[in-house]
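Please open the model in a viewer and keep the sequence panel at hand.

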Amino acid sequence: QNIQQQIELDEIAIKPTVGEPWPKPQSIQTTSTRFAVHPATFYFLTNETSQQCDLLRNAFDRYYKIIFFPQTYMLHLTDPLLADIKIRHLKETLRNVSDLGDVTLLKRLIVNIEQPCEEWPSLESNESYTLVVKREHALLDAASIWGALRGLETFSQLIYPDSDLQFTINETTIYDFPRFQHRGFLLDTGTHFISQKTLKINLEAMAQSKMNVFHFHIVDDQSFPYDSITYPELSGKGAFDRNHIYSQADIAELLEFARQRGIRVFIEFDSPAHSRSWGRAYDILTQCYSEEKPNNKLGPMDPSRNTTFEFLKNFFHEVAQIFPDRYIHLGADEVYFDCWESNPSITQFMRQMEFGTNYSLLEQYFMQTLINIVNATGKNYVVWQDIIDNNVTLQTDTVVEEPYPDEMARVTKLGYKTLLSSCWYLNLISYGDDWHKYYKCDPYNFTGTEEQKKLVMGGEACMWGEYVDSTNVISSTWPRAAAPAERLWSSVDTNDVIEAAPRLAEHRCRYLRRGIPAAPVNGPGYCPTEYSG
Amino acid sequence: MSYRLHIFQCLLTFIISIHHVYCIIDYIEAKYPLKGKPSAPNAPWPQPQYLNASSDYVYIDPNFFVIHSNLKDCDVIDNALQRYKSIFFPPKISIQNPDRLDESRILLSVFILIQSKQCHTYPQLRDDQSYNLTIESSYGIIYAENVWGALNGIETFSQLLFITDDNYLATNASIYIQDWPRFPYRGILLDTARHFLPVPIIKQHLDAMASNKFNVLHWHITDDQSWPFVSETFPQLTEKGAFSSAHVYTPENVQDILEHARLRGIRTIPEFDTPGHVAALGRAFPEFLTDCYNGSMPCQAIYGVHAEREILDPTKAEVYNFMNEFLKEVKEVFKYEPYIHLGMDEVYPACWLSNPNIKNFLNENNMSNGTDLMSYFASQILKLMQSIGGKSMVWQDVWDDGVKLPSDTVIEIWKDTSLLSDSPSWSYYLSKATSEGYDAVLAAPFYLNMIEYGKYNTPESVMNLEFFKWYNIDLFANFTGDDDARQRLIGGEAALWAEFVDGTNSLSRLWPRASAIAERLWSSIDVNNPEDAQFRLDVHRCRMLRRGIPAAPVLNGYCGLYEVGMKQSMVNEPIFNYIH
């Protein structure tokens with residue numbers, strides 16, 4: 001065996017912590033007492049009184065691999081047979097339990113879930129848990145399956161590789177719960193396509209930072225990769241090509257993959273703008289005019305025609321059935337009125353509706369009609385803030401996502417529930433340790449009453465797709481998105497960049513150990529496991 | 001010029017005639033349309049000096065296509081012909097066989113004629129890199145003075161092949177190319193000290209370099225942070241100076257990398273930076289470093305000025321003994337390459353001047369300041385280099401200090417007003433160094449680690465900001481030297497300093513951003529329309545994906561079947577991926 005000559009990294013770089021979880025639990029007490037964990041003797045089990053379900057059994061299977069064979073873990077996604085072969089090889093290299101000396105072995109994690117397992121996570125999911133690691137048993141108590149999943153992730157992060165014990169955990173007591181219920185991450189698959197495999201790697205990375213909402217900005221002007229049952233030509237003509245689509249089977253697989261990890265899939269079909277790709281197959285967009293003639297350009301969806309809403313009704317009826325989450329994101333951002341203004345049928349319609357020349361009223365009419373369609377399917381909805389800026393009035397149960405700085409006070413004052421994303425546009429790259437600024441941004445950092453603060457459901461980190469696809473999206477996102485993940489989970493006073501940096505360094509190395517290519521964000525340094533492609 | 005315009009029109013017609021449903025996204029956002037002409041699917045990058053191609057095309061039958069040369073048993077050529085098979089015929093695609101009856105529409109063979117008939121082992125700076133490429137219906141010929149030009153010709157030929165929508169391999173029926181590089185030195189700097197780059201990743205960088213006709217790997221192998229280069233003479237360097245025993249380049253690893261580069265016509269110039277940037281060396285040999293003082297207290301850091309110890313002590317004879325032995329070893333390891341890069345940058349003399357022994361030494365030797373001491377150190381090391389038969393490359397700092405350098409020293413310019421506000425511009429330095437008779441290489445505007453988001457956005461045009469920024473840099477802008485001096489501006493270098501990159505992201509960060517610089521260094525000065533070039537670069541980026549390089553997107557849109565994570569992705573294909 002090589003004797004590793006580890007240099008003192010703190011001289012020249014940020015030294016990773018050892019066995020500290022990310023995001024930081026609300027309350028954690030650790031002692032220096034160490035226990036060994038060994039794959040031959042360790043097992044998960046449930047308490048006699050605990051609720052049981054497939055989510056928990058699958059999680060046991062997953063976390064056993066993550067803890068003991070992390071380097072094979074992602075391979076299970078693509079080549080489970082090869083992954084199993086690698087596990088067999090790794091088992092042969094492990095030391096015997098008897099060689100570990102007289103250290104106490106942690107033999108089992110006993111899980112107790114109080115409430116019957118729910119099938120799908122929701123905004124109201126209870127994610128709290130208690131975890132006690134003491135001598136031979138560790139105990140994980142959670143009200144719901146979702147809390148148990150979060151607790152298992154924390155447990156897996158407490159175990160660290162160690163040269164003398166191989167797998168080590170310290171005596172620990174944790175009581176933990178999230179500060180915000182909605183901890184989201186947006187990926188845009190309309191601008192560039194992102195492969196199914198990469199989406200799964202991303203969901204896995206989210207789960208390891210306890211993010212619980214995947215905001216799937218699935219279509220945009222550039223392409224329509226969603227393979228609709230009702231309107232197959234949407235992807236038939238609107239996708240880049242037939243290989244750049246998410247089939248119904250892909251969607252079902254993603255939904256299940258996310259569900260297993262307690263992640264909601266929050267789907268966005270943006271309208272009335274950002275919809276060019278819809279218009280390649282179906283005549284629902286506004287024909288723009290110059291000098292009173294159609295100029296072959298298409299604008300936002302055309303609210304003057306009933307056929308537009310007939311189409312949307314059928315389409316969202318399908319969406320509501322396919323995506324189980326209670327919320328649908330309706331977009332409503334960046335609607336520019338110039339094309340509507342140029343079109344004579346729209347002018348005619350404006351007159352008929354007595355809107356005068358106030359195109360905000362037309363936008364409001366469009367959105368209200370769409371909202372009625374969506375409400376009729378039993379769903380709630382979220383919109384981008386732009387629509388409020390266009391002076392459109394919405395129902396009070398609307399959730400507004402905030403992409404612009406310093407607007408939280410205004411939106412909550414209007415009584416809308418809100419999600420913060422303005423300070424977490426991860427696609428806006430810059431040189432250096434830019435996670436600091438994401439870490440310091442707090443959803444409560446606005447002037448407002450207690451009532452206003454209560455309207456903040458959480459936030460979302462966003463990776464818009466202009467310059468990312470499967471080649472670079474994972475390394476561009478992770479571990480930068482872990483900064484908002486901790487902001488949204490941990491207590492408000494967990495906000496010191498200096499304290500967080502070594503833990504984030506460990507978290508990134510942990511991602512690497514588990515096969516996720518998270519990039520360096522703290523300046524020079526290294527991880528025991530590096531990424532070779 | 002008129003020829004070139006004509007060619008593009010032809011290629012354009014060509015693409016439209018066969019790609020019925022090709023979906024081009026010609027905007028960054030719908031409100032920001034891109035100007036420029038969409039590219040032909042087989043437009044080469046960098047753009048050849050002279051290219052004429054017909055609008056009709058010929059097919060290639062993978063089973064009957066032959067490429068051969070007049071040089072027998074030449075490893076550079078044999079290896080290339082083997083290697084390019086997987087590039088001509090991507091392993092995960094089974095290409096249709098064209099109808100063999102119509103032989104006039106089938107390219108049967110390409111013959112490589114190497115005029116010198118010599119199988120060179122290793123490329124030299126002033127080697128002829130030019131080639132001619134002709135395809136006339138069934139036959140092609142690549143004509144080059146030597147093997148390095150031939151490699152460039154094979155690369156261009158490989159880029160002219162493309163797969164049609166109905167899955168045939170095709171190229172233009174008649175092609176005439178005359179090509180040569182504008183600059184002989186086209187470098188990529190990889191820094192393996194701030195983060196370690198695993199060997200498979202370095203090999204993929206070399207593959208990408210060959211696809212962009214870069215021909216120098218400047219391997220910034222050590223620095224303050226770590227010393228991953230295993231020395232057989234001084235094994236303690238890595239034992240104490242590497243991040244860990246897993247973060248090292250063994251002699252076998254180094255030879256593996258050198259051979260991979262050599263076979264692609266790429267020189268490898270190692271950099272061992274002294275007298276600064278040696279904290280990692282100092283972990284093995286603490287006695288070589290200067291103790292920095294704070295007043296009368298030794299080994300005291302004054303942060304922002306100096307660390308406790310971070311710079312070699314030029315007054316100590318054992319430093320030169322070490323350097324002599326070590327540089328000898330380096331010269332043997334990098335046996336074909338005449339140049340070693342000696343660094344000699346960012347030497348801040350405050351630490352030296354704080355040390356009483358050094359102050360005595362200055363007095364005794366009639367030196368008055370840090371610059372004198374640096375001159376003393378540098379001239380000793382440069383003398384060592386001459387005595388072991390090596391040539392030196394240095395960062396400009398030592399030359400800025402007025403040290404007399406051997407006339408064959410290559411000076412690398414990294415300073416510019418945009419980096420250091422009190423510095424003159426890089427064009428001033430280039431003019432000055434070359435006018436003084438030195439060869440000079442430009443790195444200053446090409447620090448690709450300095451990432452920036454966005455669109456270049458004016459009323460006239462919208463483009464990818466970073467691409468536009470680098471593509472628009474001309475090395476001779478504001479150059480004031482005479483014709484001889486112009487000859488001595490030998491090229492440029494894209495640098496990827498590794499504070500924030502490692503194996504996870506260095507490939508997608510460098511490629512295809514460095515390609516902008518590749519074309520600037522290779523192609524004619526009047527290939528300078530970034531609006532058209534961005535479409536060609538997008539095609540080239542897809543080409544790199546097809547060769548297993550995870551090159552990041554430059555425009556909106558997609559790259560066919562080869563994208564990462566898709567079934568036919570080449571990124572994990574063993575032939576392009578060296579972890580297996």
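A salt bridge is here a side-chain nitrogen of Lys or Arg within 4 Å of a carboxyl oxygen of Asp or Glu. By that rule, four salt bridges cross the interface of domain 1 of chain A and domain 2 of chain A. The model on display is a predicted one.

**First stop: the two domains of chain A**

Select residues 27-176 of chain A for domain 1, and residues 182-514 of chain A for domain 2. Between the C-alpha centres of domain 1 of chain A and domain 2 of chain A the distance is 34 Å. To their contact, domain 1 of chain A contributes 29 residues and domain 2 of chain A contributes 28 residues.

Next, consider the area buried between domain 1 of chain A and domain 2 of chain A, which is about 2,700 Å². Carbon and sulfur atoms give 54% of that area. Which residues in domain 1 of chain A lose the most area to domain 2 of chain A? Select Trp120(A), Leu123(A) and Arg150(A), which together account for 24% of what the domain 1 side buries.

Across the interface of domain 1 of chain A and domain 2 of chain A, 16 residue pairs are in polar contact, both residues of each pair being at pLDDT 80 or more.

Now colour the helices on the domain 1 side. The elements giving two or more residues to the side that touches domain 2 of chain A are α1 (54-68), α2 (70-73), α3 (75-78) and α5 (145-158) of chain A. Among these, α5(A) gives the most, with seven residues. Coloured by class, this side of domain 1 of chain A shows 14 nonpolar, seven polar and eight charged residues.

**Second stop: Arg503(A)**

Select helix α20 of chain A, residues 497-513, and centre the view on Arg503(A) within that helix. Is Arg503(A) buried or exposed? Its relative accessible area is 1%, so Arg503(A) is buried. The side chain of Arg503(A) is in polar contact with the side chain of Glu486(A), at 2.8 Å. Leaving aside residues up to four places away in sequence, Arg503(A) touches Thr17(A), Glu20(A), Pro21(A), Trp22(A), Lys24(A), Tyr439(A), Glu486(A) and Thr494(A).

Show both chains. Here 60 residues of chain B contact 58 residues of chain A. The two chains bury about 4,900 Å² between them, with 58% of it on carbon and sulfur atoms. In chain B, select Tyr453(B), Phe500(B) and Thr504(B): these lose the most area to chain A, together 16% of what the chain B side buries.

How many salt bridges does the rule find across the interface of chain B and chain A? There are two. For a salt bridge between the chains, display the side chains of Asp502(B) and Arg508(A), which meet at 2.9 Å, N to O. Polar contacts between chain B and chain A number 16 residue pairs, both residues at pLDDT 80 or more. On the side of chain B that touches chain A, the elements giving two or more residues are α4 (199-211), α5 (236-241) and α18 (530-546) of chain B. That side of chain B has 29 nonpolar, 18 polar and 13 charged residues.

**Last stop: helix α17 of chain B**

Finally, select residues 513-522 of chain B, helix α17, where 10 of the 10 residues are buried. The buried residues of α17(B) include Arg513(B), Glu519(B), Arg520(B) and Trp522(B).

Technical notes:
Residues are numbered from 1 along each chain as its sequence is written. Chains are lettered from A and ligands numbered from 1 in the order in which they are written. This is a predicted model: local features need pLDDT of at least 70, side-chain atom pairs count only at pLDDT 80 or more; totals for chains, interfaces and linings use all residues. Side-chain values use heavy atoms; hydrogens and water are left out. Domain bounds come from an automatic or database domain assignment. Contact means heavy atoms within 4.5 Å. Buried area is the accessible area (1.4 Å probe) that two parts lose on being put together, summed over both. A polar contact is a pair of N or O atoms within 3.5 Å; within protein, one must be able to donate a hydrogen and the other to accept it, and residues adjacent in sequence count only if both atoms are side-chain atoms. Helices (H or I, at least four residues) and strands (E, at least two) are DSSP runs, numbered from the N terminus. Ala, Val, Leu, Ile, Met, Phe, Trp, Tyr, Cys and Pro count as nonpolar, Asp, Glu, Lys and Arg as charged, and the others, Gly among them, as polar. Buried means under 20% relative accessible area, exposed over 50%, partly exposed in between (1.4 Å probe, protein chains only).
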